[in-house]
Each structure stands twice: as structure tokens, then as C-alpha cells.
Amino acid sequence: MYSEKVMDHFSNPRNVGELADANAVGTVGNAKCGDIMKIYMKIEDDIVKDVKFKTFGCGAAVATSSMATELVKGKTIEEALGLTNKAVVEALEGLPPAKIHCSVLAEEAIKAAIQDYYDKSGIEKKVECSGNCAHCHGHHE
Amino acid sequence: MIYLDNAATTKVKDSVISAMLPYFTETFGNASSTYTTPGQAARKALSEAREKVAGCIGADAKEVFFTSGGSEADNWAIKGIALKNKDKGNHIITTTVEHHAVLHTCEFLEKQGFKVTYVPVDEFGMVNPEDIKNAITDETVLVSVMFANNEIGTINPIKEIGEICREKGVYFHTDAVQATGAVPIDVKEMNIDLLSMSAHKFHGPKGVGALYIRKGVKIDNLLHGGAQELGRRATTENVAGIVGMAQALSEACENMQEKTEKLIKLRDKLIDGILESVPYTRLNGHRTKRLPNNTSFCFRYIEGESLLLSLDMMGYVVSSGSACTSGSLDPSHVLLGIGLPHEIAHGSMRASLSEFTTEEEIDSFIKAVGPIVQRLRDMSPLYEEVERKD
């Protein structure tokens with residue numbers, strides 16, 4: 001059901017854990033729906049210097065979190081904000097239709113973390129869809 | 001591979017395959033072909049199979065009708081009774097934790113104008129016979145309560161419910177797909193009017209099951225056509241499958257007590273082993289009034305599918321009632337039905353044994369679960385909060 005790439009990122013997730021000196025933290029999803037993603041970032045000079053995640057969810061939720069963190073690591077804020085769920089799916093060599101919402105969640109988690117960074121740094125910018133914009137029953141495509 | 005998903009399906013026994021094989025080759029006749037030798041041989045095989053299956057549940061051979069499986073038997077029982085008895089009333093009673101073959105059939109009938117009461121269950125998934133009694137009205141034509149739950153293994157007080165239905169003059173159907181061949185069943189003593197079973201749950205082949213219909217029960221046919229199954233079900237009989245089912249059920253019912261004792265020992269070892277080695281874990285279903293082969297747990301702070309995948313990668317096959325494995329958005333209706341909140345129900349795992357399960361397999365499985373759960377918890381933001389509180 002899952003691609004080899006998904007299984008790889010599920011069994012050996014990259015960047016899993018917490019970041020003690022994070023200055024950007026985003027949490028999306030909820031326990032009732034069965035998936036929560038929490039992204040920690042260390043942003044310096046507009047660059048995502050480091051990123052970690054913690055995820056409660058299915059195999060696809062773990063794999064998309066892992067891939068999303070890989071895709072934004074070392075990137076500028078601008079580039080990280082440009083990450084789409086589609087890009088995450090492609091990088092994972094596809095997801096089953098019922099699991100597409102996990103990639104949406106991953107995109108939202110990155111955006112929620114950057115919004116948190118803006119808020120904490122007093123930058124008056126609003127990231128489009130800053131987490132929790134999709135609900136349990138709105139995720140599935 | 002260590003296979004602990006026997007509630008989903010079982011391995012067909014070699015002896016069952018041997019019993020079936022001649023009916024594909026030498027004795028391939030159509031049981032409806034009256035004057036041919038192969039036809040006669042097939043008819044004889046069917047009649048012997050019917051005797052065997054009936055014998056295992058305390059029924060008469062003429063009360064056993066072979067079907068394509070458990071779902072068909074459930075559909076037939078419920079739709080057949082509802083349609084045939086609609087002059088008497090249009091009310092059906094069932095429970096919130098039935099198999100979808102029962103629930104979706106009831107929902108279908110609701111769309112046709114029938115009224116259905118879904119009686120809730122207690123925290124173990126058990127039906128209170130009093131609740132059934134109180135739900136019966138003058139309009140009630142059928143009560144359908146599962147013998148044992150397929151997810152959490154809890155066994156219902158079937159005899160008591162049957163007694164109530166008999167007193168009230170209401171037909172009583174039980175979906176015994178998980179219970180047949182696993183626990184003793186006597187349809188007469190238990191006041192059962194209709195009972196569904198499925199061969200592949202007791203080491204028989206897939207695609208064959210049966211519905212017991214007590215003599216005198218008024219029921220419509222589901223499949224119309226030829227006069228097979230004593231005129232009750234059209235379709236050329238699946239002779240080999242039926243022979244296999246009868247062989248498998250006979251074997252399951254042989255030395256049942258002895259096999260059950262061995263299974264319960266293994267089951268309880270598994271339950272105790274998991275509860276002792278993995279914190280924040282609950283057993284789903286009743287501790288003792290449960291199927292000898294069923295265990296079901298919820299591990300807090302993790303999600304069932306990721307647990308399943310991890311176990312699968314290590315060669316352990318189990319199942320889960322999480323939303324991600326059910327293909328829907330909600331976790332199992334059974335786990336919600338026993339009152340678990342969504343977030344706990346998402347972290348479920350069912351491990352179901354068979355007579356082929358060994359103690360070594362159970363030991364190995366218990367050892368594997370703890371570290372996998374811990375790895376997933378270490379990844380979980382929900383667990384992080386727990387650790388902080390501690």
C-alpha cells in the first residue's frame with residue numbers, strides 16, 4: 001500500500017525529536033482525528049537552520065513529517081513557505097488517496113511553525129493557512 | 001511470520017483441503033443433476049456436510065442452509081425476516097457494536113421504511129438482556145445480537161436474550177461468525193432462531209458459510225432462482241467448499257474443551273504479558289467472558305496503523321481498529337461503542353490466536369510490542385506532555 005520511500009521515512013524518520021533552542025514551533029491536527037504534527041525550527045537570518053518534528057499518527061503521517069522537514073532544512077523562509085503538500089507527496093513517490101491529508105497536514109505544520117516565528121519576532125505577517133485550517137473531515141481529497 | 005490475525009481469517013487445514021479436493025476433480029457433479037452418478041455423489045456429500053454442521057450446533061440437518069459466507073447469512077436473516085414478517089411489524093432491534101454485515105443491512109432497511117433500535121453495550125461490549133427486553137414493542141419482528149464481538153471478543157449472554165425473545169414471540173438472530181467452532185453452541189438450548197457462520201474463521205475455506213434457520217421460522221429467500229438448498233437459496237452448490245466447511249467445523253468441535261483450555265492459557269499469557277510490559281495500556285473487552293483466541297488493546301499516545309506497520313516489518317501480523325486502517329475517518333465503531341474517546345480508540349491493536357499458535361510465538365510477540373510502542377511514543381507529541389507531567 002505504501003511506496004518504498006514512505007516505508008523508509010516511516011521506519012527511519014529524519015529529524016525526529018525536539019529542538020531545545022527552537023524559535024518557531026507549529027502544531028497542527030488533533031488527537032480526535034488521529035494525527036498531530038509538531039514542528040520545531042531554529043530560524044536564523046531568514047534561514048531554517050535546523051528543524052525537528054514529533055508526530056502522533058499513521059505511517060503516512062510520520063513519513064510526510066519526516067519528508068517535509070528534509071525539504072525545508074537549510075532553506076529560506078520564503079522557500080519553506082512555498083512547500084506544497086504535492087511536493088511532499090512527489091518526494092515520497094506517492095501516497096494512497098486516503099493518506100493525502102497527511103501531506104496537507106505536513107504543509108500546514110511547516111506554515112504554522114513559521115507563523116509562530118513571525119509572532120514571536122514581532123513580524124507582522126500572516127502566513128496563509130496557519131495551522132488547523134483543515135479539520136478532521138476536511139482533510140481527505 | 002508470526003500470524004496473530006486469526007479473527008480476520010485462518011489457514012485452511014491440510015485435512016480440510018484433502019476432504020475438498022475430490023469434489024473439484026472426480027466428484028465434480030452438479031448436485032441438481034438428478035440421474036447422474038456424479039450428481040448423486042455430490043448430493044450425498046452435501047447431505048453429509050449438512051448433518052455434520054447441524055450436529056456441531058445442536059440443529060437438525062434440514063435447518064442448515066449453506067451460503068457464500070457470514071455476510072450473506074446476516075443479510076439473509078435480517079432482510080428475509082423483515083420482509084416476510086412486515087405484516088406483523090416493522091421494528092428490528094440490534095446493537096451498536098455489530099459487524100457491518102448486520103449494521104449496514106439494518107441501515108438499508110431503515111431506508112426502506114423499517115425502524116431499527118440500536119441498543120448500546122456496556123464498557124466491555126456486553127449487551128444487557130434487560131435492555132433488549134425493554135426495547136421490544138408490539139411492532140418488533142427481529143432481535144439480532146452477535147454471539148461474540150469480532151474486535152474485542154466479548155461473549156454476549158445469548159441464552160438469556162434468546163429466552164426473552166422466545167417469551168415475547170420475536171425472532172432471534174445471532175451473528176456467530178466469530179463464535180462458531182470456538183465456543184460450544186446449542187441453538188435449541190440457547191433459544192436461537194437464526195445463526196450465521198463462516199467457514200474461513202475456523203480453518204475452512206473462504207467463500208462458504210451457513211445460516212441456521214429454525215424449523216417453522218417464516219423467512220423470505222434472498223437469492224431467487226433454482227431450487228437448491230431445499231428451495232431456500234438459488235445457486236449451484238459450492239460442493240467442495242461446503243465439504244471443506246463441514247470437515248473444518250467437525251474438527252473444531254472435536255476436543256473443543258481441551259483446545260479451548262490451551263488457547264485461554266496462551267491468550268491470558270499474552271494479555272498479562274502486554275499489560276505488564278507496556279504502560280498506559282488497556283485491555284478492550286471482558287477479561288474472562290471473551291473468545292478464547294481474542295486479545296484487544298489500546299496503547300495510549302500512539303496510533304494503531306503505525307504500530308501495525310512496525311510489527312509487520314518485524315514479521316508479526318495483527319490488526320487495528322484505527323481510522324487509518326479502517327479506511328474511514330473514525331476509529332472502530334466497536335471501540336467508540338464501549339465508550340472509548342477517539343484518541344484512545346485510534347491506538348488499538350487486535351491479536352487473535354489459533355490452535356496453531358505456539359507459546360514461543362506469544363513470548364516473542366510480547367517481547368516485540370513494548371519497544372515498538374516506546375519508539376512510537378518517543379515520536380509522539382502527546383507522550384511528550386505525559387513525560388513532562390511525570
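Reader: Which residue forms a salt bridge with D193(B), and how far apart are the closest N and O atoms?

Author: Let's start with the general idea. Side chains of opposite charge can pair when their charged atoms come close. Here a salt bridge is a side-chain nitrogen of Lys or Arg within 4 Å of a carboxyl oxygen of Asp or Glu. The partner of D193(B) is R214(B), with the closest N and O atoms 2.6 Å apart. D193(B) lies in the loop between strand 6 (171–175) and strand 7 (194–198) of chain B and R214(B) in the loop between strand 8 (209–213) and helix 7 (228–231), so the pair ties together parts that are 21 residues apart in sequence. Helices (H or I, at least four residues) and strands (E, at least two) are DSSP runs, numbered from the N terminus.

Reader: What should I know about the model before reading on?

Author: This is a predicted model, where local features need pLDDT of at least 70, side-chain atom pairs count only at pLDDT 80 or more, and totals for chains, interfaces and linings use all residues. Residues are numbered from 1 along each chain as its sequence is written, chains are lettered from A and ligands numbered from 1 in the order in which they are written, and side-chain values use heavy atoms, with hydrogens and water left out.

Reader: Is D193(B) buried or exposed?

Author: Buried means under 20% relative accessible area, exposed over 50%, and partly exposed in between (1.4 Å probe, protein chains only). D193(B) has a relative accessible area of 1%, so D193(B) is buried. R214(B), at 24%, is partly exposed.

Reader: How many salt bridges are found over all chains?

Author: The search of the whole structure gives 25. One of them pairs E384(B) with K54(A), where the closest N and O atoms are 3.5 Å apart. E384(B) is in helix 15 (residues 381–389) of chain B and K54(A) in strand 3 (residues 47–56) of chain A, so this pair joins two chains. Both E384(B) and K54(A) are buried. They also belong to a network of salt bridges that links them with E18(A), K38(A) and R388(B).

Reader: Which residue pairs with E355(B)?

Author: E355(B) forms a salt bridge with K13(B), the closest N and O atoms being 3.3 Å apart. This pair links distant parts of the chain, 342 residues apart. E355(B) counts as partly exposed because its relative accessibility is 29%, while K13(B) is buried, at 9%.

Reader: Which residues gather in a patch of negative charge on the surface?

Author: Patches are made of residues with over 30% relative accessible area and no salt bridge: like charges are joined within 9 Å, nonpolar side chains (Val, Leu, Ile, Met, Phe, Trp, Tyr) within 5 Å. The negative patch holds D45(A), D46(A), E78(A) and E79(A). E79(A) sits in helix 3 (residues 77–81) of chain A and is partly exposed, at 47% relative accessibility.

Reader: Which residues form a nonpolar patch?

Author: I17(B), L21(B) and F24(B) do, with about 290 Å² of accessible area together. I17(B), in helix 1 of chain B, counts as partly exposed at 36% relative accessibility.

Reader: And what does S196(B) touch?

Author: Contact means heavy atoms within 4.5 Å. Not counting residues up to four places away in sequence, S196(B) touches several residues, including G70(B), H173(B), D175(B) and L211(B). S196(B) lies in strand 7 of chain B and is buried, with a relative accessible area of 0%.

Definitions and conventions. Areas by Shrake-Rupley, 256 points an atom, 1.4 Å probe, with all protein chains shown as cover. Lys, Arg positive; Asp, Glu negative; His and termini not counted. Charge placed at Lys NZ, Arg CZ, Asp CG, Glu CD.
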